Amino acid sequence: MNTSSGTNSHYVAEKVYTAESELRHKLRLMREMSRDLRASRGLAWRLMVRDINARYRQSLLGFAWAFLPSIVMAIGFTLAGNAKVINVAATEIPYPAYVMFSVVLWQTFVESLNGPVAAVTNAKQMIARVNFPREAIVLSKVGEVSFNFGIKLILIIAAFVWYKVPVTWAALIAPLALLLLILLGTFFGLLFAALGLLYQDVPQGLIIFTGLWLFLTPIVYPVPHSGTFATIVRLNPVTPILVTTRELATTGVVSDPYRFLIVSILTIVGLLVAWVVFRLGMPFAIERVSS
């Protein structure tokens, strides 16, 4: 039996790892998860502020990096559409604004997916040496993703004003759909976080996988209505949440509320399951890293 203990300004706990699975004591596990989540808020805030400062202070273009991918993709696909290189169906709002907004939403999802993996990888030494609630490093990344979206929101507002995109009262509840998009990415990220601590292949594989995933998500094209590709796009769990966020912020009409509701429920349930997997998997990953 190995025992480790540690403290920070808000957290004092003793962890005892035994051969008995924590799943045998579900209520105790849930209480510990709730306690650690509350205890991690202060540390998560400090980590988030540190990472944001480091990211933008050490960058030549600074906050411009939050805008450039969306602008470049919007220009590229608009020029390709005008030149008839690609044939894109009509969109509800002007196409450049459509692409910019969609790319920002996709970036937010990908950042929330990569966040937990990057968090445990970057904090490998601290995780191996200091006992603290691991939820803190995940919460810090969720906060960082939200901050980055706040910066990109400036670009979205500018695009909507420039292209005279009408906004309805439904835009007020669009942040709830956006939150679900972030939680969906965090759900997937938590599943791979412990593996990412052990194998560098995981973050590299996620880059390749999300590159393919991009083209299966209606970002630069509307949701197709028929054919095999349309079925694949509709089965993509990102599709209903991203599309609903976009629709709430623009037209105010949700095209597929039932699929959105189903994926939202699965996201919340899946996030809880992934959180348990993260907690149970991290001690073994830490032990492997330390040895």
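Reply: Neighbours within four places in sequence aside, Lys-141 is in contact with Asp-51, Gly-115 and Ala-119 (contact: heavy atoms within 4.5 Å). The model is predicted, so local features need pLDDT of at least 70 and side-chain atom pairs pLDDT 80 or more, while totals for chains, interfaces and linings use all residues. Residues are numbered from 1 along each chain as its sequence is written, and side-chain values use heavy atoms, without hydrogens and water.

Lys-141 sits in helix H6 (helices: DSSP runs of H or I, at least four residues, numbered from the N terminus). Its relative accessibility is 15%, so Lys-141 counts as buried (buried: under 20%; exposed: over 50%; partly exposed: in between; 1.4 Å probe, protein chains only). Helix H6 also holds Lys-152. Lys-152 is buried as well, because its relative accessibility is 2%. Beyond four places in sequence, Lys-152 is in contact with Ala-66, Phe-67, Val-104, Gln-107 and Glu-111. Of these, Val-104 lies 48 residues away in sequence, yet the C-alpha to C-alpha distance from Lys-152 is 6.9 Å.

Next is the packing of H6 against H7. On the H6 side the contact is made by Val-138, Val-142, Val-145, Ser-146 and Phe-149, and on the H7 side by Leu-178, Ile-182, Thr-186 and Leu-190. By class, these residues are seven nonpolar, two polar and no charged.

Thr-186, one of the H7 residues in that contact, is buried, with a relative accessible area of 6%. Outside four places in sequence, Thr-186 is in contact with Val-138 and Val-142, and also with Ser-112, Leu-113, Pro-116 and Leu-271. Val-138 and Val-142 are part of the H6 contribution to the helix pair.

H7 packs against H8 too, at an angle of about 150° and with the axes 10 Å apart. H7 and H8 are therefore roughly antiparallel to each other. Here Phe-188, Phe-192, Leu-195 and Gly-196 of H7 meet Val-202, Leu-206 and Trp-213 of H8. This contact divides into six nonpolar residues, one polar and no charged.

Both H6 and H7 contribute to the largest nonpolar core. That core has 73 residues, among which Trp-106, Phe-109 and Ile-137 touch the most other members. Two or more residues come from each of helix H1 (26-39), helix H2 (41-57), helix H4 (95-122), helix H6 (135-162), helix H7 (174-198), helix H8 (201-215), helix H10 (238-249) and helix H11 (257-290). H4 gives the most, with 16 residues.

Phe-109 touches Leu-181, Leu-184, Gly-185, Phe-188, Trp-213 and Val-238, leaving out residues up to four places away in sequence. A second, separate core has five residues, including Ile-52, Tyr-56, Ala-66 and Ile-151. Ala-66 is also among the contacts of Lys-152.

Technical notes: A nonpolar core is a set of buried Ala, Val, Leu, Ile, Met, Phe, Trp, Tyr and Cys residues joined through side-chain atoms within 4.5 Å. Ala, Val, Leu, Ile, Met, Phe, Trp, Tyr, Cys and Pro count as nonpolar, Asp, Glu, Lys and Arg as charged, and the others, Gly among them, as polar. Axes are lines fitted to C-alpha atoms, for helices over the stretch in contact, and angles run from 0 to 180 degrees between N-to-C directions. Angles under 35 degrees count as roughly parallel, over 145 as roughly antiparallel, 65 to 115 as roughly perpendicular and the rest as oblique.
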